[in-house]
Amino acid sequence: MTPPEAPVNGDTAATGISPPAVSVCLSVIRKRPDFLRAARARRQGTAGMMVQARKRAAEEPATGIRVGFTCSKKVGNAVARNRAKRRLREVARQVLPEHGRDGWDYVLIGKAEVTASRPFDQLKSDLIYALKKLHQDRT
């Protein structure tokens, strides 16, 4: 007998099934040196966030898209920072699999009093705009 399908209405906590925090094709950057390498690379600011992006070197073992999230204390107290990071994680989960590039690292940085309160669809369009600008060939 197979278990019943989980409801699609958001009541997954009762079933013990939780959606992934970041999409399957994305891995999360956790080490400080990776964040520092991204900080020295390309960056693009938008109204809702700052995006840093870098193409990984050939000798780096990680494949796929890697993404990191950060919010400084300028964003607000712990509640505001966590809300901003949750929203950035969800935006990355929805946008990066389609608009991100394989072999790249992205760091999404929350902005004070904006990331947590900006309408979600505008936050998504901010990330799409930033990715398009970052991936333009620079001569």
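1. Among contacts in the protein chain between residues at least 6 apart in sequence, what percentage join residues at least 24 apart? The value is 75%, where contact means heavy atoms within 4.5 Å. The model is a predicted one, in which local features need pLDDT of at least 70 and side-chain atom pairs count only at pLDDT 80 or more, while totals for chains, interfaces and linings use all residues. Residues are numbered from 1 along each chain as its sequence is written, and side-chain values use heavy atoms, with hydrogens and water left out.

2. Overall composition. The protein chain holds four helices and five strands, in the order α-β-α-β-β-β-α-β-α from the N terminus on. Helices (H or I, at least four residues) and strands (E, at least two) are DSSP runs, numbered from the N terminus. Of the 139 residues in the protein chain, 36% are buried. Buried denotes under 20% relative accessible area, exposed over 50%, and partly exposed in between (1.4 Å probe, protein chains only).

3. The sheet. Five strands make up an open sheet of mixed pairing, ordered β1-β4-β5-β3-β2. β1 and β2 (42-45) are the edge strands, each with a single partner strand, so one side of each has no neighbour in the sheet. From one strand to the next, the twist averages 25°; axes are lines fitted to C-alpha atoms, for helices over the stretch in contact, and angles run from 0 to 180 degrees between N-to-C directions. Two strands are taken to pair if DSSP finds at least two bridges between them.

4. Parallel pairings. β1 and β4 run parallel and are joined by three bridges; here Ser-27 stands opposite Arg-66 in β4. β4 and β5 also run parallel, with five bridges between them. Within this pairing, Val-67 has Tyr-106 in β5 as its bridge partner, and Thr-70 has Ile-109 in β5. Five of the six residues of β4 are buried, so this strand is largely enclosed by the rest of the structure.

5. The hairpin. β2 and β3 form a hairpin with three residues between them. The two strands run antiparallel and are joined by four bridges, and Gln-44 stands opposite Val-51 in β3.

6. α4, by contrast, runs at about 35° to β3 and lies across β2, β3 and β5.

7. Helix α3. The 22 residues of α3 (residues 78-99) should span 32 Å at 1.5 Å a residue, and the end C-alpha atoms are 30 Å apart, which agrees. The expected span is 1.5 Å times one less than the number of residues. α3 bends by about 30° at Arg-93, and Pro-97 follows within four residues; the bend is the angle between axes fitted to the seven residues ending at a residue and the seven starting there. The buried residues of α3 are Arg-81, Ala-84, Arg-87, Leu-88, Val-91, Ala-92, Val-95 and Leu-96. These buried residues pack against β1 (26-28), β3 (49-55), β4 (65-70), β5 (104-110) and α4 (120-134).

8. Aromatic pair. A search of the whole structure finds one aromatic pair. Trp-104 and Tyr-106 form this pair, which is stacked, at 6.3 Å centre to centre with 15° between the planes. Rings of Phe, Tyr and Trp (its six-membered ring) pair if their centres lie within 6.5 Å; planes under 30 degrees apart count as stacked, over 60 as edge-to-face and the rest as tilted. Both Trp-104 and Tyr-106 are buried.

9. Ala-41. Ala-41 is placed in the loop between α2 and β2 and is partly exposed, with a relative accessible area of 23%. Leaving aside neighbours within four places in sequence, Ala-41 is in contact with Ala-53 and Arg-54. Ala-41 and Lys-55, 14 residues apart in sequence, lie 8.6 Å apart in space, C-alpha to C-alpha.

10. Glu-113. Most residues other than glycine have a negative phi. Glu-113 lies in the loop between β5 and α4 and is exposed, with a relative accessible area of 71%.
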